[in-house]
Amino acid sequence: MEYNLADLFESVVDVVPDREALVYVDHPGTGAERRLTYRGLDEAANRLAHHLIDAGLKPGEHLGLHLYNGVEYLQTVLAALKARLVPVNVNYRYVEEELVYLYRDADLAGLVFEAEFTERVAGALPRADKLRHLVRVGQVPDGAPPLDVTPFAEAEAAGSPERGFAPRSADDLFIIYTGGTTGMPKGVMWRQEDLFFAGLFGGEPAGEPVKRPQELAERVAKGGAGLTFFPAPPLMHGTSTLTSFIAFNYGQRVVIHRKYAPEEVLRTIEKERVSSVSLVGDAMLRPLIDALHGPLKGTDLSSLFSVSSSGAIMSETVRAQFQALVPNVLLLNNFGSSESGSNGKATDDSGPEKGFRLEVNERTQVVDPATHEPVPVGVPGRLAQRGHVPLGYYNDPAKTAETFFQKGQERWVLLGDMATVDEHGIVTVLGRGSQCINTGGEKVYPEEVEQALKSHPDVYDALVAGVPDARWGSHVAAVVQLREGAPEPTLDEIQTHCRTKIAGYKVPRQLVIAPGIQRSPSGKADYRWARTVAREADAG
């Protein structure tokens, strides 16, 4: 047995086969749901894996998952791992041209997709030469173009529930496609052993990682049930899928919804006695606060131990609002990326005044991007991580050479985040270098300005972007969504507030009031949209 994710999952199944593994709320509010034990989920994954093998997909070939959240998503990931296929996440928001790019870039040989996406899949398929096997989940919509496709239910029924697979390896791949917020999506190639330690904490997020693969199941056998993990963002984003596998490695239960519906999230926390919710930043936490102030006031959240965010930070103001409503919950701003797994978590004093401060793990440093040497205290550099890091970007040797490097006996990844480190080893993250605004020779990182804006009592959400400026090169523009019923503030009022939180050169010089802030389905910022909105307003 090796550090292979399918082997590890099967080892857990064998010690707690009758324990509940997965609860899926099909349509929030209707009461429709599915429940699977570890044995049931294992057998369901075996059936699909055997179908994929019988359909001619070979070990090492790539299988796309173009799906909403559901049993089928996690079942397909497990099936791919069991069959030694490489699972590849597909953003369900992508339109036909984006799908053509991803299908071709990822060299997909197979695809499991939602029936709702049939027209887009049919449009992209003729230009995806290697894609030869399709499995469709759900009922075919009226008027959908004909496709040579196997219905998911038939694929599942045709396969054996038994295992009987060829031996697997710790070197088997797992590919996570990034969202492409600063360019075209890129596929991050992980060895499964490296992903297990960097992204799944070696089977123990709160303690000592396992020292041998068999130890994972031994720990599960000694422990009990009782924890319920609720990854709220789409499973197509790495955070939610990895959160599910963290729970499986504990032998605990996972609850998922098809789509994010804040009121139903709260009802599910109460009904299923959820222990831990993972989400993405204020965009997901604020609606929970609104619901707790309104129709879901009084919801029993006593089972909830932690709420964690990854991919975007929960601002100081929003954290305080939630803490006032649910005082005994631990709020965690985790920090990581598709390229690094986990880097660390925010300190309690992170906020507009001190910045986004991290307690990083021992594998993370701030380095000079040119020399790769650690930077002195207070000098900006780039975050980097060593040890269990990806092999590189699929189909992109140039970007791989730019991002990954060898130093001594260890492989490193150079991340996109600029940061400084203090004398106590605390790292202050300045922001993504690609989003940095150069205004009058000073560097401004959007995230710290956004935190200051969100601390204003009338601001519900905000994104910050740079707009070309004849005098300053660029000026800082704030695109703001106000709280419902709040009076529209003037630019002077916003500037006065921000000056109490951040340096004057960081204060927005332009204010755009928007009816809503555009983000990805997981809550990540869409800075391209913000720049477009701000530039159009400036030109008008």
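Predicted model: local features only at pLDDT ≥ 70, side-chain atom pairs only at ≥ 80, totals over all residues.
**Stop 1: Asp-7 and Arg-168**

Start by selecting Asp-7 and Arg-168, whose side chains meet in a salt bridge of 2.6 Å, N to O. Asp-7 sits in helix α1 (residues 5–15) and Arg-168 in the loop between α6 and β8, so this pair links distant parts of the chain, 161 residues apart. Both Asp-7 and Arg-168 are buried.

**Stop 2: Lys-82 and Asp-42**

Next, select Lys-82 and Asp-42, another salt bridge, where the closest N and O atoms are 2.6 Å apart.

The whole structure holds 39 salt bridges.

**Stop 3: Glu-114 and Arg-258**

Move on to Glu-114 and Arg-258, whose side chains form a salt bridge at 3.3 Å, N to O. Glu-114 belongs to strand β5 (residues 108–114), while Arg-258 lies in the loop between β11 (253–257) and α10 (262–272), 144 residues away. Glu-114 is buried, with a relative accessible area of 8%.

**Stop 4: Asp-282**

Select Asp-282 in helix α11 (residues 281–293). Is Asp-282 buried or exposed? Its relative accessible area is 2%, so Asp-282 is buried. Show Ser-315 as well, and you will find a polar contact of 2.7 Å between the two side chains. Other residues that Asp-282 touches include Pro-287, Ile-313, Val-318 and Lys-454.

**Stop 5: the largest cavity**

The largest cavity has a volume of about 100 Å³. Of the 15 residues lining this cavity, select the closest to its centre: Tyr-73, Asn-89, Phe-174, Leu-235 and Thr-241. The lining has 11 nonpolar and four polar residues, with no charged ones.

**Stop 6: the second largest pocket**

Finish at the second largest pocket, which holds about 250 Å³ of space. To find its lining, select residues including Arg-34, Glu-72, Arg-136, Gln-139, Phe-152 and Glu-156. Helix α6 supplies the largest share of this lining, three residues. By class, the lining of the pocket has six nonpolar, two polar and four charged residues.

Conventions:
Residues numbered from 1 in each chain as written. Heavy atoms only, no water. Helix = DSSP H or I, 4+ residues; strand = E, 2+ residues; numbered from the N terminus. Buried < 20%, exposed > 50% of the residue type's maximum accessible area, 1.4 Å probe, protein only. Polar contact = N/O pair within 3.5 Å; in protein donor to acceptor, adjacent residues only side chain to side chain. Contact = heavy atoms within 4.5 Å. 1 Å grid on protein atoms, 1.4 Å probe; cavity = no way out; pocket = protein on both sides within 12 Å on 5 of 7 lines; lining within 4 Å. Points joined across faces, edges and corners; volume = space filled by probe spheres on them. Nonpolar A, V, L, I, M, F, W, Y, C, P; charged D, E, K, R; others polar. Salt bridge = Lys/Arg side-chain N within 4 Å of Asp/Glu carboxyl O. Lists of a residue's contacts leave out its neighbours within four places in sequence.
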